[in-house]
Amino acid sequence: MFRFNVNGFVLISFCFCVAMSRVAENSRVKRTLQQDLSTCANVKPFFEMRNISVQSFDRPKGVVCGGQCCSGETEAALKMQGQKDFSALLRHNSRSIQGLLNSTATTLQSHVTALSNQSENKTHLLFSQIYQQMSILSKEPISMLYRDILQYIQLNSSQNLLSTTDVDVKTSVTRFFTELFPLVYHQIAKALAPDFSPDYKVCLKEIIKEIQPFGDIPRQLSQSLSKSLEATRLLLQAFDIGIEVLNTTDTLLTEDGGKGNVECHHALMKMTYCPKCLGLVGKEKPCSGYCLNVLRGCLTKYVAELDSPWNSYVEAIERLVIAIKQHNNEVGVNVDLVIRGLDTRISEAIMYAMEKEHEIDVRIANFVIFRY
C-alpha cells in the first residue's frame, strides 16, 4: 500500500522552489544583462569618439555615477576627459578675448601709422606749394619728426609688445622747430645767398629759446602731441597687459592639475558624462541653473581674487578710450585731431614768425651784439 510521506514531499517541494527561483533569478539577471548590454551598446560610440572604452560588466560600477556602463576605470578616464573639456572651454573663451585685444591694438597702431603717413605727406606738400624756398631743406627735419612719432607707438610684430624706445616727443618737436628756424629766418631776412653759413645756422639754433621766433606754438604743439601719443601708447600697453593677464589666468585655471579641485572635477563629470554611464542616449543638455552652479563651484576659488582687479582694468580701459576719442577734450589726448592738424600748426608757426619779422631781427641783432 502506497504511503504518503509528508516530510519527503515538503523537502522535494522546497528543493523544487529553490531550483525554480534560481532559474528565475538567472533568467532575470540574464535579461538585465542583455538589457544593459543593449543599452550600453547605444552609448558606446559616444565613448569611442573620446577614446574611452566601456569596461566589461563583471567589474564593479563606478562610485561617482553608479551607472551600468561605467566601471571605476572608465570613470577615472571620464574625469580626466572632463578636465580637458573644461580647460579647452576656458582656453577658447580666453583666446577669443585675447584675440580681440590683440586685433584692437593692431588696428589702433595701424590707424595711427596711416594717420601719421597722411599728415607727413600733407606737410611736405605744404612746403612744396606754400614755402617753396624751404621745401628741399625742410624734408629731413619733417621726416625725422614723423619718424619719431611712428617709433614711439611702434608695435613689435613678432611679440605684440611695444618696442623699447628712447624717443621723447617733446624733444622731437623742439628739435624740429630748432632745425626749421634757420630756414624760416633765411626767408624772412630775404637773404641773397642760397643758405646761411653753417656757423651762422648753429648760432641761430643756439639762441632760439631766447628769440622765440614761433611764439608759444611749439610748446603747445609739443604738449598736445606728447599727451595724445602717450595716451595712445598707454592704451596699446594696456591691451598687451590684458593679453598677458588672460594668459596667466588661463594657465592658473587650466593647469591646477586637480590638486584641491577634486569636487569641481567630480561635478563636471556628473554633469557631462554620468548620463552616458547610465546608458542615456539623448542629447539633452543640463539645465542652465545646474550648469551655472557647477561652473561657480569650479571658479569660486579664483573669482574672488580676479573679479575686482579685472573690473578695475576694464573700467580704466574704457576711460582711456573715451578720453582718446573725445573731440573736445581739455587734456588734448585726441590723437586723430592732433596728428591731422600738424601741418596746420606748423604753418601757423611759420606765419607767426613772418608776422614778427621786425621783432625777430631786433632780438637777433641785440643778442649777437650782447654775446660778441
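The model is predicted. Its secondary structure consists of 13 helices and two strands. Of the 372 residues in the protein, 38% count as buried. Among contacts between residues at least 6 apart in sequence, 75% link residues at least 24 apart.

**Nonpolar cores**

- In soluble globular proteins, nonpolar side chains tend to be buried together.
- The largest nonpolar core in this protein holds 58 residues, and those with the most contacts inside it are F127, L180, F214, L225 and L229.
- Helix α7, which spans residues 217–254, contributes the most to this core, namely eleven residues.
- Another core, of 14 residues, lies apart from the largest one, and its members include C65, C69, Y273 and C274.
- When residues up to four places away in sequence are not counted, F214 touches F177, L180, F181, V184, I208, A349, I350, Y352 and A353.

**The largest pocket**

- Rolling a probe the size of a water molecule over the atoms shows where empty space is left.
- The largest pocket contains about 720 Å³ of space.
- This pocket is lined by 24 residues, of which M271, T272, E284, K285 and P286 are the closest to its centre.
- Two or more lining residues come from each of the elements α1 (6–48), α2 (72–129), α8 (262–272), α9 (274–277) and α10 (288–325).
- Helix α2 supplies the largest share of the lining of the largest pocket, with four residues.
- Sorted by class, the lining of the largest pocket comprises 14 nonpolar, four polar and six charged residues.

**Cavities**

- A search of the whole structure finds two cavities of 30 Å³ or more.
- The second largest cavity contains about 30 Å³ of space.
- The residues that line the second largest cavity are Q212, P213, Y352, K356, E359, I360 and R363.
- Helix α13 (residues 357–371) gives the largest share of the lining of the second largest cavity, three residues.
- By class, the lining of the second largest cavity has three nonpolar, one polar and three charged residues.

**A buried serine**

- S119 belongs to helix α2, the helix that also gives four residues to the lining of the largest pocket.
- S119 counts as buried because its relative accessible area is 2%, and buried means under 20%.
- The side chains of S119 and Y146 are joined by a polar contact of 2.7 Å.
- Leaving aside residues up to four places away in sequence, S119 touches Y146, I339 and L342.

**Residues with a positive phi**

- Most residues other than glycine have a negative phi.
- N51 is not a glycine, yet its phi is positive, at about 60 degrees.
- N51 is placed in the loop between α1 and α2.
- N51 counts as exposed because its relative accessible area is 75%, and exposed means over 50%.
- Q212 is likewise a residue other than glycine with a positive phi, near 50 degrees.
- With a relative accessible area of 38%, Q212 is partly exposed.

Technical notes:
Residues are numbered from 1 along each chain as its sequence is written. This is a predicted model: local features need pLDDT of at least 70, side-chain atom pairs count only at pLDDT 80 or more; totals for chains, interfaces and linings use all residues. Side-chain values use heavy atoms; hydrogens and water are left out. On a 1 Å grid over the protein atoms alone, a cavity is a set of points where a 1.4 Å probe fits but cannot get out, and a pocket is an open set with protein on both sides within 12 Å along at least five of seven lines; lining residues have an atom within 4 Å of a point. Grid points are joined across faces, edges and corners, and a volume is the space filled by probe spheres set on the points. Ala, Val, Leu, Ile, Met, Phe, Trp, Tyr, Cys and Pro count as nonpolar, Asp, Glu, Lys and Arg as charged, and the others, Gly among them, as polar. A nonpolar core is a set of buried Ala, Val, Leu, Ile, Met, Phe, Trp, Tyr and Cys residues joined through side-chain atoms within 4.5 Å. Buried means under 20% relative accessible area, exposed over 50%, partly exposed in between (1.4 Å probe, protein chains only). Contact means heavy atoms within 4.5 Å. A polar contact is a pair of N or O atoms within 3.5 Å; within protein, one must be able to donate a hydrogen and the other to accept it, and residues adjacent in sequence count only if both atoms are side-chain atoms.
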